[in-house]
Amino acid sequence: MRNGQDGSDLPTFPSTSSMSVGAEDLLKQLDRVVDAQVPTQGATEGLDELREWMSEEGPSPQERFERLSRFSGDQRLGTARDCVLLERHDEVRVIDEALAELGRTSAGVRRRRHTGLLAFTGPAGRGKTALIAEARARAAANGFTVFSGNGGEKEQAFAFHVVRQLMQPALAAMDEADRRDFLGSWYDIVAAALGLRAPDPTRAPDPTGVRDGLDWVMTRLTVREAPVVLLLDDVHWADAESLNWIASFASRAEDLPLLIVVTYRPDELSSEATTFRALIERHGNRPYTLEPLTPSGVARIVREKVGEGAEDVFCRECWMVTGGNPFEVVELAIRLRAQQVSGRQNELTVIRDQASAIRGSGLIERLHGLGAVTLRFAWATAVLGTPISPDLAATAAVIGSEDAAEAIGTLRAARILADAPGQGSDLEFVHPLIATTIYRSVPAALRVALHHFAAHAVLAAGFGPTAAARHLLEVPGDGMPEAVECLREAAREYLRAGAPETARRLLSRALLEPPLPEDRAALLHELACSTSLIDPTATVSHLRAALAEPEVDPDLRASIVHRLTQALAHTDQIAEAATLAADEARQATNPRIRLRMQADHFVWSSLRADEPDSPARSRRLARLAERLTGRGLEERYILGLRAWDAMMRGEPRHTVLSYAEDALRGGLSWTDENRGFEVPVSVALSFMYCDQPGKAEDLFAKGMAECEGKGWRGSHLALGQTLFAYILYRRGRLTEAEELVREGLRIADQVKGAVPAQWFAIGILIQTLVARGRTADARELADSYHFGEVVPNAVIYPDPRTVYAELLLAEGRRPEAEHLLSSVGYWLEARNWRNPTWCPWQLHLASALASTAPDQAVRLAQEAVKRARHFGAASVIGQALHTEAQVTGGPTALDLYAEAVDHLERSPASYQLARALVGYGSALSRNGQLQEAADRLYQGLEAAVHCGAEALADHAREELSEAGLRPLRHAQRDTLTSHERRVADMTAKGHPAAVVAKQL
């Protein structure tokens, strides 16, 4: 799409690429231009010169026409570029070196290069665009593929405008089948961002998902078309979405056959472009600043245009009035040549007169001198932005096609407009400075009217609501339902493209129109959807306003309430979220909606750290779940919540699994925007706590794939990866767990509003590091995030205070750990959350008290064992027995160790098994049973090595050495618990599947 403009033909001056138009026709058009205005002498000197050239005797009319073309067409532009590139030898050399490095190969394999990014900066007119053009020419001469795009001052409101310029040409060259095959599974996620037809109008990927998809597309295009040069001009005017993508993708260039060249004005770069600034500042090659031309450089340009006889004082005056700005120098030299000056000292006043007409008020005065119709057409083109469709500009200016043709001719001759690159009749301004100056000169009221006309024109031309919406943003509200609907539809398109900030801007403007009263609640709901990922506080405000509207449709109201409870929870107002859901449940008359609101109430109540009466809520939930069969999604959510609550309370394992299985019958989606994914995640984790980690892993893998398929790769994926890592941690796969949770934390750190995901990730990573014996790393992580200093209002698992106490114990700070764990125990007991598999606070507290209050430590451990047996999962029974054995000591502990090992061998908890085996072996050694001690220590050492628990493995070796045994060194290999290894052995020996299944 060419910025909301079509390509209809209008009578216009021909360029050098269209020489079939006769010179006499051009003379007639030129006469009409001059006759249609009352020009001042200064404003029409250039036109008079052209007429004189066209009418003088000697050359034929066609030759005179070609002479005009050389003056105002492509050849002139080439000469101007050469002039602007004067004294840019260093910059051109840098480009040549980067291109040469890009092209080098070693045995057909691209080497890692010194740099994949070049940045050139400077104020307007310093020759940045000319440098980009030179880079394009040199890349093409090397046979490289060039993708290019440029920012536009009036196009910043178009999300992914620059991205589309870069990628659309390559994608447009494919037919639909090839394009879909090329984009593969990313098609649905990136289609809207790339300007393709989105197959699912309800899909709304998050910004992280879209950026990941664009990374994939650009990487594949680069590999397919290698080597590739990416040229990005005027990046300071790039839309925010494109700029963010460029900043995130640029770091990949060094590892790809790709060179990125960017130009920008440093003083006009948005204050919000922090990521882009950081990229440039930390990059190995600092940005190259384009300096003004020296006096000798200016003199060379002036003498080339005016004549070699131009005096030094004349040339120096040209340098002084332009400040050495290449654009102004070239324009001044051309205008001086048109004035037929000879470059003498007595012509210095002409320099000042002509220089003033190039920019600022002088340019506007010159434009006013071109006539009212031409002035209005120029204003319309400035409002529309580039590239400019003559037809659209004429419609916006409210002039006919003949007047438009004359205006175009006049503006071309005045070096204000020129042909846009590429095919068609589109136009562009000779320099962005001219466009900016003209746009800012339009009277405010007239500018509003022109934007209003432009919005209608682009809609009528079939360019869609996003093209019209840009103009509606500049128009005050007028109570027009059509404008509201246009803005809402444009916002929906931007949400489908993963551009919520742009959608928010449009919907906020629609709210000011204002909408019809019956549409206001729906509009506020849509506005809240656009802000949910970027501004939860604003989301709460919009949804509260939507709820206050009268006579809201029941289903819409339910959706508003659900989103409001989510937003409240994400802004640490969980108590209010739970209360709101309960109030709505009591008021709902529709049974389905009532059940849905009850589910929301139970969700947020269970996550509320300060819930006043958890046992009462659990009893209500249990009574409700008993009556449900899971026949609908609302019922399955209640059953899933019942499974989670039963697990937290420590009810028998078979009860938890029964409710969890019932909840899954019929499916639980992770991406239902009106349900959230808290319940599906809780059901999956219930299987983990019940010693069925394989089932949990399967549910997480499917859930994360569902999120990724919908383009949700921000906080959802961060939390999914983090909790998947927790499953691996509990299985004893510590190395894999650390890698995955670090990735989850990295994503969470990059996503705005992902604080809950950070809490989960930090706690799990600290636990994993402590298990691996890297206490110092765990402490550094805790301190960097102030973990342990702040207690969230939401329930996080593993419990942050218990995790922090575990770290304190690893550091030997037992009194601090004891105090913290005692407070955790008081909190959990009040809630009747008594399952040590969810929070082993009693086990850690027993360890903390073992040396100072051994009797209390034993009682705590025994109570934990009792609770673990009641729950019935082998892993937590074994872990609790191991702790009881540790705090009991002496020969009595041996039976406890043996029972602990027996339970853990029948569980998936291989790290806990390794701990118990080493502890058992150490106890046997101290009791003189060296042979059996050796067996257990060797088993524990092997298990610790397989788990990646380095400190535990070292401790096993020390115990073996103290017992006079040689500690073995084990290579890392795939992790199998003893139970899993037994099953594998049975399978290898050919036991029937039924027997193996019984073992499982």
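Reader: Which elements make a right-handed β-α-β unit in this protein, and what makes the unit right-handed?

Author: Strand 5, helix 11 (residues 240-249) and strand 6 make that unit. A crossover is called right-handed if, with the strands pointing away from the viewer, the path from the first strand over the helix to the second runs clockwise, and the unit of strand 5, helix 11 and strand 6 is right-handed. Helices (H or I, at least four residues) and strands (E, at least two) are DSSP runs, numbered from the N terminus. This is a predicted model, in which local features need pLDDT of at least 70 and side-chain atom pairs count only at pLDDT 80 or more, while totals for chains, interfaces and linings use all residues. Residues are numbered from 1 along each chain as its sequence is written, and side-chain values use heavy atoms, with hydrogens and water left out.

Reader: How do you know that strand 5 pairs with strand 4 and with strand 6?

Author: Two strands pair if DSSP finds at least two bridges between them. Strand 4 (residues 145-150) and strand 5 are joined in the parallel sense over 6 bridges, with Thr 145 opposite Val 228. Strand 5 and strand 6 (residues 258-264) have 5 bridges, also in the parallel sense, and here Leu 231 stands opposite Val 261. Both pairs therefore meet the definition of at least two bridges.

Reader: Where do these strands stand in the sheet, and why are strand 4 and strand 7 said to be at the edges?

Author: The open sheet has 5 strands in the order 4-5-6-3-7, with parallel pairing. Strand 4 and strand 7 (288-289) each have a single partner strand, so one side of each is left without a neighbour in the sheet. Further along the order, strand 3 (residues 117-121) is joined to strand 6 by 5 bridges, and Leu 117 stands opposite Ile 260.

Reader: Why is strand 5 called mostly covered?

Author: A residue is buried at under 20% relative accessible area, exposed at over 50% and partly exposed in between (1.4 Å probe, protein chains only), and in strand 5 (residues 228-233) 6 of its 6 residues are buried. Val 228, Leu 230 and Leu 232 point one way, whereas Val 229, Leu 231 and Asp 233 point the other way.

Reader: Why does Pro 693 count as buried?

Author: Its relative accessibility is 7%, and the limit for buried is under 20%, so Pro 693 falls within the definition. Pro 693 is found in helix 35 (residues 693-709), and beyond four places in sequence it touches Phe 687, Met 688, Ile 727, Arg 731 and Pro 908, where contact means heavy atoms within 4.5 Å. Pro 693 and Pro 908 are 215 residues apart in sequence, with their C-alpha atoms 7.5 Å apart in space.
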